[in-house]
Amino acid sequence: MRYAVFGDIHGNLDALEAVLAEIERLGADALICLGDIVGYGAEPRECIARVRELECLTLAGNHDHAAIGKLDVEFFNPFAREAAMWTREELSDEDRDYLASLGFVEHVDGFAVAHGSLHGPELFNYVQSIHDAELSLEALDKPLLLVGHTHVPLTFFDSRPMTYSMDLEIPVDPKSRTIANVGSVGQPRDEDPRACFGLYDTDDAQVTLYRVPYDVEAAGRKIVDAGLPEALALWLQLGK
Ligand code: ZN
């Protein structure tokens with residue numbers, strides 16, 4: 001089976017369409033969306049509609065919850081907060097019900113998926129250090145956990161001592177455990193503005209990360225035209 005796993009779309013339809021076209025080209029048996037469909041970008045409703053059309057397993061992200069008032073935006077940076085409040089106004093009741101229906105963790109075909117972590121997935125904790133990875137490994141009973149949330153594609157391997165890498169090709173050892181972050185579709189933060197997603201091939205026991213160029217300027221223009229903070233458009237260009 002080939003699973004295309006993507007998330008952190010953040011209302012960036014241009015990036016989402018580019019990623020879905022690339023998935024189509026590569027071929028996948030199933031798609032999984034790790035959440036944060038909305039927040040930051042100018043097309044939250046369009047992104048929700050596009051993801052729903054895929055009828056794939058989809059999880060909740062913190063920005064999805066912020067947009068429906070299920071999460072306090074007090075700890076968001078000011079731009080994220082402004083975007084969250086803007087997104088709240090944009091969404092229809094149906095959009096809200098849909099986002100509210102999404103779960104936190106799923107176990108699929110020998111691997112687990114969550115938006116941010118397995119240690120307190122409903123708290124949207126991050127896996128960005130070896131310590132975080134250890135906490136999530138304690139809750140992981142499968143060889144592989146795929147997450148997003150940090151917008152940085154980074155993989156942790158359960159070795160002694162623990163190792164990590166930013167390689168695009170990630171071997172999945174069935175006798176060990178690996179936590180791989182598949183990056184962000186709509187707001188990469190590793191200084192590479194190209195959209196990012198992962199393809200997990202269970203036969204090859206490998207996750208491969210792909211970077212997809214898309215019209216960053218168009219997405220940025222929509223942000224400015226919507227009256228959202230210009231910094232959000234700049235972040236897209238810088239990959240921050
Ligand atoms: Zn996100």
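**Exercise 1. How many aromatic pairs does the structure hold, and how is the pair of Phe79 and Trp235 arranged?**

Solution. The structure holds 7 aromatic pairs. Rings of Phe, Tyr and Trp (its six-membered ring) pair if their centres lie within 6.5 Å; planes under 30 degrees apart are stacked, over 60 edge-to-face, the rest tilted. The model is predicted: local features need pLDDT of at least 70, side-chain atom pairs count only at pLDDT 80 or more, and totals for chains, interfaces and linings use all residues. Residues are numbered from 1 along each chain as its sequence is written, and side-chain values use heavy atoms, leaving out hydrogens and water.

Step 1. Phe79 and Trp235 are 5.7 Å apart, centre to centre, with 75° between the planes. That pair is edge-to-face.

Step 2. Locate the rings. Phe79 sits in helix α4 (residues 78-90) and Trp235 in helix α8 (residues 230-238), so the pair ties together parts 156 residues apart in sequence. Helices are DSSP runs (H or I, at least four residues), as are strands (E, at least two), numbered from the N terminus.

**Exercise 2. Which protein donors does the zinc ion have, and what arrangement do they make?**

Solution. Donors are N, O and S atoms within 2.8 Å of the metal (3.2 Å for Na, K and Ca); water is not among the atoms, so sites may look incomplete.

Step 1. Asp8 (OD), His10 (NE2), Asp36 (OD) and His151 (NE2) lie 2.0 to 2.2 Å from the zinc ion.

Step 2. The 4 donor atoms subtend angles of 88 to 178°, which makes the arrangement irregular. Four donors are tetrahedral if all angles lie between 85 and 135 degrees; four are square planar and six octahedral if opposite donors are over 155 degrees apart and all others between 65 and 115; anything else is irregular.
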